[in-house]
Amino acid sequence: MLEQEPGSRPEPLVIPSVDHRLSREQFSDASRFVVERLADQGYPAYIVGGGVRDLLIGVPPKDFDVATVARPDQVRRLFRRSRIIGRRFRLVHIYFGSEIVEVATFRSGTLPSGHAPANLELSAAGRLLRDNVYGTEQQDALRRDFTMNALYFDPVSETIRDWVGGYEDIRARMIRLIGDPENRYREDPVRMLRAIRFEARTGFSLEAETAAPIQRLAALLATVPSARLFDEITKLFLLGQAQNSFRGLLEMRLLKPLFPWTQEMLVSDTGGAVRSLIEQALLETDTMIRTGHPPSLVPLITAFLWAATQQYVEWHEKEGMETLTAMHRALAILMREQQKHVAIPRRILDQVEALILNQIRLERGTAVTSATRLLRHPDFRPSLDFLRLRVESGEAPAALWSDWQAFSELHPVAETLPGETRPAHRRRRPRSRTPRPS
Ligand code: ATP
Ligand code: MG
């Protein structure tokens with residue numbers, strides 16, 4: 001029956017290295033060792049996914065994943081330093097120093113025709129709940145998301161096995177979902193975000209049928225656990241393509257289900273100030289990553305929430321509330337609401353809150369008696385950096401930032417004074433994390 005599945009071939013197209021020009025040396029020693037060991041024991045195994053895709057495109061791969069016919073316990077037994085992980089589906093992690101090779105057993109998903117095998121669990125809306133169903137190499141290829149992510153590299157013969165036309169699509173610089181796009185987005189709406197991420201990362205185009213349903217189905221993201229959405233947000237914004245990712249989200253109307261207030265403020269942004277601040281923060285985020293600084297979502301999320309907090313503050317001030325109190329009130333409401341969409345970890349929210357509150361303190365200028373105290377605030381630097389973003393977007397006077405800059409140079413303080421650590425964070429809420437799909 002699989003042979004008749006549209007979008008798949010009865011046999012894989014086997015592309016020799018003279019054509020694809022990848023050689024086994026481009027893959028990590030660890031991933032090749034794992035594949036060769038499995039093959040020696042009679043288990044066909046390949047390097048698959050992002051690693052193969054990235055090498056074909058010519059960008060450095062993040063990691064190399066392995067897919068094999070061997071079951072997790074069989075893999076586990078072959079490698080001493082390995083462990084089985086995952087709830088939604090079981091994977092094996094094999095440790096080689098700092099490198100981890102993730103080994104997944106071939107699985108089957110819904111078939112491109114939209115039929116689900118009997119033991120695949122779907123929600124009433126067609127969302128994939130469990131897919132721990134083992135399958136053949138061909139089924140494993142078909143359950144993957146985009147054709148470019150379903151190429152199997154065999155380091156022994158240096159061939160690429162292609163069941164879905166991914167090799168041609170990469171050559172045509174095309175991102176194409178495997179199977180019927182609407183069904184595939186319904187069974188996992190995160191694929192819409194992955195489409196945007198790969199578009200931003202590769203500069204390829206979304207194939208027309210892959211792009212078409214996204215705007216219409218964007219609201220389905222609300223059905224995805226908010227912790228998994230946070231993981232996706234991190235990948236969208238902290239891999240050096242924040243600007244492109246944001247544009248993609250806007251174009252496909254995917255911002256609203258993630259950051260509804262940001263979207264709302266952008267809609268009523270007649271002067272362009274809201275967009276401008278966000279663009280500055282996106283640029284800053286990409287620059288930090290390019291220049292090797294530790295990546296952080298804090299400035300970006302602060303920029304996302306800034307305009308909405310300002311609006312709340314204005315409302316409360318009209319009712320006669322003092323600015324700082326109004327700001328506390330605004331933040332409490334916004335953060336609570338925002339968490340319903342994307343589960344942003346508490347430590348990030350605490351910092352966002354500090355950056356926003358410190359803007360009011362910074363706006364009082366350097367002449368007030370509390371100015372030196374602010375210098376010692378653990379988030380003084382990032383707060384001043386955020387003020388700079390506001391200046392660059394034309395929202396705050398440049399003199400305010402330069403005064404503070406000069407003032408901080410005149411009054412150097414140790415980053416953190418003895419006994420003055422970051423305040424113990426209020427409550428540590430356990431964050432439920434869904435395992436990473438592979
Ligand atoms: P990256 O370089 O960002 O890690 P990747 O393609 O390797 O990109 P992973 O999340 O590491 O992405 O997933 C590995 C592989 O698993 C993908 O290449 C794809 O084949 C498959 N995959 C991941 N997420 C999904 C999904 N939501 N639906 C179907 N297949 C998926
Ligand atoms: Mg990967």
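## A buried glutamate in a loop

Let's begin with Glu158, which is buried, at a relative accessible area of 15%. In this predicted model, Glu158 sits in the loop that links strand S9 (151–154) to strand S10 (159–162). Its backbone deserves a look too: Glu158 is not a glycine, yet its phi is positive, at about 55°. As background, most residues other than glycine have a negative phi.

Arg173 counts as partly exposed, with 44% relative accessibility, whereas Glu158 is buried.

## The chain as a whole

Stepping back, the chain has 438 residues, and 51% of them count as buried. Its secondary structure consists of 21 helices and 12 strands. The accessible surface amounts to about 20100 Å², with 51% of that area belonging to carbon and sulfur atoms.

## H8 beside H11

Two packed helices are described by the angle between their axes and the distance between the axes. For helix H8 (residues 190–202) and helix H11 (residues 226–237), the angle is about 5° and the axes are 10 Å apart. H8 is therefore roughly parallel to H11, since angles under 35 degrees count as roughly parallel. The contact between H8 and H11 comprises five nonpolar, no polar and five charged residues. On the H8 side are Val190, Leu193, Arg194, Ile196 and Arg197, which meet Arg228, Leu229, Glu232, Lys235 and Leu236 of H11.

Setting aside neighbours within four places in sequence, Glu232 contacts Val190, Leu193, Arg194 and Arg197.

## H15 against H16

The next pair is H15 and H16, whose axes are 9 Å apart and meet at an angle of about 175°. The two helices are therefore roughly antiparallel to each other, as angles over 145 degrees count that way.

From H15, the residues Val274, Leu277, Ile278, Ala281, Leu282 and Thr285 meet Pro299, Leu300, Ala303, Phe304, Trp306 and Ala307 of H16. By class, the residues of this contact are 11 nonpolar, one polar and no charged. For comparison, the contact of H8 with H11 includes five charged residues.

## H14 and what covers it

Helix H14 (residues 260–267) has several buried residues, namely Pro260, Trp261, Thr262, Met265 and Leu266. An α-helix has 3.6 residues a turn, so residues three or four places apart point the same way.

What covers the buried residues of H14? The cover includes helix H12 (242–251), helix H13 (255–258), helix H15 (273–290), helix H16 (298–318) and helix H17 (323–339).

## Where to read with care

Confidence averages a pLDDT of 90 over the chain, and 87% of the residues score at least 70. Residues 417–421 stay under 50, and the model gives them three contacts beyond four places in sequence. The pLDDT is also below 50 over residues 423–438, a stretch with 36 contacts in the model beyond near neighbours in sequence. Where pLDDT is low, the predicted coordinates should not be read in detail.

Key:
Residues numbered from 1 in each chain as written. Chains lettered and ligands numbered in written order. Predicted model: local features only at pLDDT ≥ 70, side-chain atom pairs only at ≥ 80, totals over all residues. Heavy atoms only, no water. Buried < 20%, exposed > 50% of the residue type's maximum accessible area, 1.4 Å probe, protein only. Helix = DSSP H or I, 4+ residues; strand = E, 2+ residues; numbered from the N terminus. Contact = heavy atoms within 4.5 Å. pLDDT = per-residue confidence, 0-100. Axes fitted to C-alpha atoms, helices over the stretch in contact; angles between N-to-C directions. Parallel < 35°, antiparallel > 145°, perpendicular 65-115°, else oblique. Nonpolar A, V, L, I, M, F, W, Y, C, P; charged D, E, K, R; others polar. Areas by Shrake-Rupley, 256 points an atom, 1.4 Å probe, with all protein chains shown as cover.
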